[in-house]
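Take a walk through this structure with me. We go from the whole chain to a few of its parts.

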Amino acid sequence: MKTRKKLSTTAAYFLLSALLITGLSSCKKKETAADQKMTTDLAEKIVAQGTIEAELTSPPNVPKPIGKRKASKINVSLEILEQEGEMVGGVKYMYWTFGGSVPGSFIRTRVGDEVDFTLKNHPDNKLPHNIDLHAVTGPGGGAESSLVAPGQEVSFSFKTLNPGLYVYHCATAPVGMHIANGMYGLILVEPEGGLAPVDREYYIMQGDFYTKGDYGEKGLQPFDMHKALKEQPDYVVFNGNVNALVNDNAITAKVGETIRLFVGNGGPNLVSSFHVIGEIFDRVHVEGGDLINENVQTTLIPAGGAAIVEFKVNTPGTFVLVDHSIFRAFNKGALGMLKVEGDKNEKVFAGKTREGIYLPEGGTIQKMPNGTAKKEIIENKTLAQQMADGKNIFSRTCFACHQSEGQGIEGIFPPLAKSDYLNADVKRAITTVIHGLQGEITVNNVKYNSIMTSQNLSDQEVADVLTYIYNSWGNNKTVVTREMVKQNR
Ligand code: HEC
Ligand SMILES: [Cu+2]
């Protein structure tokens, strides 16, 4: 008896809250694309009209939006190519690709489409492959029906029941190796009536790569199964290689435009903390589905998952796309650029407005705190002493940006190794370290336009670190003395 009473109170409570919720939801008038819910049962009943050929694009481009197009039979023909490519300057990798790019060709459909999918394995390839599309409802996402040997082609068909952004990938054993070599891409299933129009759309996909050699080791690098098992990639990149979205390859936009990024993560192992430095995502289709989150700083993209990210660009500048697991960005390649052109908008961002010396102790002018003041000064250091101390300073302060062998990061941090800019002018190098540097410079024919902050080092330390740099990595062996630094303070 007691329990029954309790039950009925609970039931009443539920009824009340249900009424409340219905009441509340009928109040909000705004209907978004996500509200036009279509069940899979309804999608299954849609009759496809006519036949069209799918437009396929390589990254960072995407095919035209579906707009008002009715559900159709749509032919997709994807060719698998095993081909050598460049991971980063001088580092070659044998990529396995869907359509000749990493990630593979972008496929754009709408809900209710009947996809006739043909997978072709080029006769020059060495291995059998197949495809598992996460947009497919069926065994293996198509993998069981699509195993194809070199020189063969195979077809299968499926109906798109759920709108969303989906990963596809090869699922041939060893699956991890096929994915690690670049066999993944995205297929978009747009809702009835299409996604809301935007000004620009781009296709970006993260992947982790495992090579026998360490980051930057030149030559053709074979896949390293051991590192893959330990989930310790040498490269984490957007769109297949370190430079795919950097400098001249940056994606672009104009101030005032709304951008939509279709972002996927092929893995095979790592999860991506996708972030654009200096931007806030106005809308994110979380995990590529219907749920929309707003005002997001960083969105998590699982391995084998995706997200649709939308934002308006309000100010000009270079916005850096990263995996915010940040060593991956600055040391393993997970870095891209969005270059936005247009007029400055000082209301939104005014740039640096004031600069001065911060004096916590107050009033009178003080010297910059100098941690080395207490250290004894060795007069007339030998070159060997300067080299040893300089190396220390380098790995403490300069290494983070200019990299371990002074190789820099192309387009972001200029090289100090064989740097024509460095070797041309020692005074300039000294003032760069003392006062910092900003504005466009050209180093070894590559343009840099960034900021190096002033380094808080003593005269001796500046002399040592520059002597170390000048006497390493093919530079011109200049010896910098404390006196030379002093004269340029
Ligand atoms: C926070 C990152 C960062 C750190 C740390 C840093 N630099 Fe730089 N450095 C830069 C950037 C960025 C530029 C290019 C600035 C520009 O575009 O105008 C640069 C330019 C230079 C240049 C001139 C360009 C060239 O390639 O020859 C020299 C020399 C240099 N840095 C030396 C040093 C030394 C020595 C240290 C350590 C004491 C150091 N930097 C620490 C970021 C850094
Ligand atoms: Cu494969």
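Residues 24 or more positions apart account for 70% of the contacts in the chain with a separation of 6 or more. Two residues are in contact if their C-beta atoms, placed from the backbone, lie within 7 Å. This is a predicted model, in which local features need pLDDT of at least 70, side-chain atom pairs count only at pLDDT 80 or more, and totals for chains, interfaces and linings use all residues. Residues are numbered from 1 along each chain as its sequence is written, while chains are lettered from A and ligands numbered from 1 in the order in which they are written.

The chain has 10 helices and 23 strands. Both are DSSP runs, numbered from the N terminus: helices are H or I with at least four residues, strands are E with at least two. Of the 489 residues, 39% count as buried. A residue is buried if 20 or more other C-beta atoms lie within 10 Å of its own, exposed if 12 or fewer, and partly exposed in between; again the C-beta atoms are placed from the backbone.

Start with Pro128. Its place is in the loop between strand S5 (114–121) and strand S6 (132–133). Pro128 has 16 C-beta neighbours inside 10 Å, so it counts as partly exposed. Leave aside its neighbours within four places in sequence, and Pro128 is in contact with Asn121, Leu147, Val148, Ala149 and Thr172. Gly151 is 23 residues away along the chain, and its C-alpha atom is separated from that of Pro128 by 9.5 Å.

Next come the strands. Strands of a sheet pair through backbone hydrogen bonds, either parallel or antiparallel. Here, two strands pair if DSSP finds at least two bridges between them. Strand S10 (residues 200–209) is mostly covered, with 9 of its 10 residues buried. S10 runs parallel to strand S14 (residues 258–267), and 8 bridges join the two. Tyr202 has Leu261 as its bridge partner in S14. S10 also pairs with strand S12 (residues 235–238), in the antiparallel sense, over 4 bridges. There, Gly207 has Val237 as its bridge partner in S12.

Now look at an open sheet. Its 5 strands follow the order S13-S21-S20-S15-S18, and the pairing is mixed. Strand S13 (251–254) and strand S18 (298–301) stand at the edges, each with a single partner strand, so one side of each has no neighbour in the sheet. Neighbouring strands of this sheet are turned by 20° against each other on average, direction ignored. (Axes are lines fitted to C-alpha atoms, for helices over the stretch in contact, and angles run from 0 to 180 degrees between N-to-C directions.) S13 pairs with strand S21 (residues 335–341) in the parallel sense over 4 bridges. In S21, Val340 is the bridge partner of Ala253.

Finally, turn to ligand 1. It is surrounded by 28 residues, the closest being Cys398, Cys401, Pro414, Leu422 and Met452. Elements giving two or more residues to this shell include helix H6 (383–402), helix H8 (426–435) and helix H9 (459–470). The shell has 19 nonpolar, 9 polar and no charged residues. Ala, Val, Leu, Ile, Met, Phe, Trp, Tyr, Cys and Pro count as nonpolar, Asp, Glu, Lys and Arg as charged, and the others, Gly among them, as polar.

H9 itself is mostly covered: 12 of its 12 residues are buried. Its buried residues pack against H6, H8 and helix H10 (482–487).

Note on methods. A residue is near a molecule or strand if its C-beta atom, placed from the backbone, lies within 6 Å of it.
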